[in-house]
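Subject: Structure handover

Hello,

Here is the structure we spoke about. Please keep it open while you read the notes below it.

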Amino acid sequence: MRLKDCHNFHDFRRLARRRLPGPIFDYIDGGADDEVTMAENRRAFDRCDLLPSVLRGVSDVDMSVTVMGQKLDMPVYCSPTALQRLFHHQGERAVAAAAEKFGTMFGVSSLGTVSLEELRQKHKNPQVYQFYFHRDRGLNTAMMQHAKGAGVEVMMLTVDSITGGNRERDLRTGFSIPFRLTLGGMIQFAIKPMWGINYVTHERFSLPQLEGHVDMSGGASSIGGYFTEMLDPSMTWDDVTEMVRDWNGQFCLKGIMTVEDARRAAEIGCTGIVLSNHGGRQLDGSRAPLDQLPEIVDAVGDRLDVMMDSGIQRGTHVLKALSLGAKAVGIGRGYLFPLAAAGQVGVERALELLRAEIERDMKLMGVTRTDQLGRHNIRYHGEFGPLPAAQGKVA
């Protein structure tokens, strides 16, 4: 199987599986506990249907959106994810370059493997910094100042990861940074030698956002150890309010899932929220973000930008989310598998396919702009009438 044979999410996943050692593939692919939520994220899109309109004159389609003050050429952005140079030696460099080519936003994680400064200097497309809240308040302040100095436009605080999820695939293989592999995990690395050759022949693996702040060389440097020992489970709304004030710019909370929390985010001055269950990697049994979209958009959609991630695999998924009120959607595995499969050209192919799907599907829906999508375009299985209109929109 080659890159040109990849036509959808599942093709990229298969190619990534062929190229990655098992423990690293499972780190991307896996979820928490029984992985029920991870599967439910995908099934949520199957429970609702699109209602197309015809004879609307759709020769020219504009899929651009503006979210948190950033103009995107397509309503999909590359969510921040950790450890990208483990999956391919190009890592965030490949993702940033591909996102720039397609005029969309990309995120850099606190656990990113390329520095904020390098990416900001090389690429002019909008950049998000995904931030974890540490026990050391001075570290939090220093990292925020670092991001501001690097020219980052949007701060994205992840609020659903005050402790790590129970990812049993990683426990079975011994996946950690540095590696603490089980015998089975070591065998998986041995049968994929090309990954190891690439790993040792390129620059040293590092986490530049944390260097100088956190000692990542000892036994506590496993990802689980980082979440357990470095992050602060006592974080409260008062802490976030202070961060929003200090940042004084576009500030987004990632991991919001209730109306109450969405309203609180609006009250403290956030400009965006991302409905997310971390791709099913944190609390297994939590609700799919797509199912929460309508009530949260009704509650706060006129006060801040509502986005979502978790489960996006198709252009039709994007249109369903937009129809229910999302301003844009984020993908994670949707670009990580292509990254692992082929680096920058893999991510570019994935974004090109997704853009083509969105354009084709908008034409088939009878719309030429994303703001023409609404709840009148959606029916849930078992429902026979239109959904209630969102605030400020006509159904």
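A96 is in contact with F106, L119, H123 and N125, leaving aside its neighbours within four places in sequence. Contact here means heavy atoms within 4.5 Å. A96 lies in helix α5 (residues 92-101). Helices (H or I, at least four residues) and strands (E, at least two) are DSSP runs, numbered from the N terminus. A96 counts as buried because its relative accessibility is 0%. The classes are buried under 20% relative accessible area, exposed over 50% and partly exposed in between, with a 1.4 Å probe and protein chains only. H123 is 27 residues from A96 along the chain, yet their C-alpha atoms are separated by 7.0 Å.

Before going on, note that this is a predicted model: local features need pLDDT of at least 70, side-chain atom pairs count only at pLDDT 80 or more, and totals for chains, interfaces and linings use all residues. Residues are numbered from 1 along each chain as its sequence is written, and side-chain values use heavy atoms, with hydrogens and water left out.

F106, one of the contacts of A96, sits in strand β5 (residues 106-109). Both faces of β5 are covered. F106 and V108 are buried on one side, G107 and S109 on the other. In a regular strand the side chains alternate between the two faces of the sheet. β5 runs parallel to strand β6 (residues 127-131), and four bridges join them. Two strands pair if DSSP finds at least two bridges between them. G107 stands opposite V128 in β6. From β5 the chain crosses through helix α6 (residues 116-122) to β6, and this β-α-β crossover is right-handed. That label means a clockwise path from the first strand over the helix to the second, with the strands pointing away from the viewer.

G107 has another partner: S79 touches G107, along with D309, G330, I331 and Y335, not counting residues up to four places away in sequence. S79 lies in the loop between β4 (76-78) and α4 (84-87). Is S79 buried or exposed? S79 counts as buried, because its relative accessibility is 5%.

Strands β9 and β10

Strand β10 (residues 305-308) has buried residues on both sides: D305 and M307 point one way, V306 and M308 the other. β10 pairs with strand β9 (residues 272-275) in the parallel sense, over four bridges. D305 is the bridge partner of G272. Helix α14 (residues 289-300) carries the chain across from β9 to β10, again in a right-handed β-α-β crossover.

The cores

The largest nonpolar core has 108 residues. A nonpolar core is a set of buried Ala, Val, Leu, Ile, Met, Phe, Trp, Tyr and Cys residues joined through side-chain atoms within 4.5 Å. Which residues have the most contacts inside it? They are F87, F251, L253, I273, L293 and M308. L293 touches L275, V306, M308, A321, L324 and A326, not counting residues up to four places away in sequence. Apart from this core lies another, of 13 residues, including V65, V67, M68 and V128.

Helix α1 (residues 9-19) has five names to remember: its buried residues are F9, D11, F12, L15 and A16. They are on the same side of α1, because they cover an arc of only 160 degrees around the axis. That arc is taken from the directions from the helix axis to the C-beta atoms. The buried residues of α1 pack against α2 (22-29), α16 (333-342) and α17.

R355 has its place in α17 (residues 344-365). R355 is partly exposed, because its relative accessible area is 30%. Leaving aside neighbours within four places in sequence, R355 is in contact with M63, M74 and F102.

E260 is found in helix α13 (residues 259-267). E260 is exposed, because its relative accessible area is 56%. E260 and I296 are 36 residues apart in sequence and 8.8 Å apart in space, C-alpha to C-alpha.

Cysteines

How many disulfides does the structure hold? It holds zero. A disulfide here is a pair of cysteine sulfur atoms within 2.5 Å. The closest cysteine sulfur to that of C252 is in C270, at 7.6 Å, so it is too far for a bond. C252 counts as buried, at 0% relative accessibility. C48 is buried too, with a relative accessible area of 0%.

Best wishes
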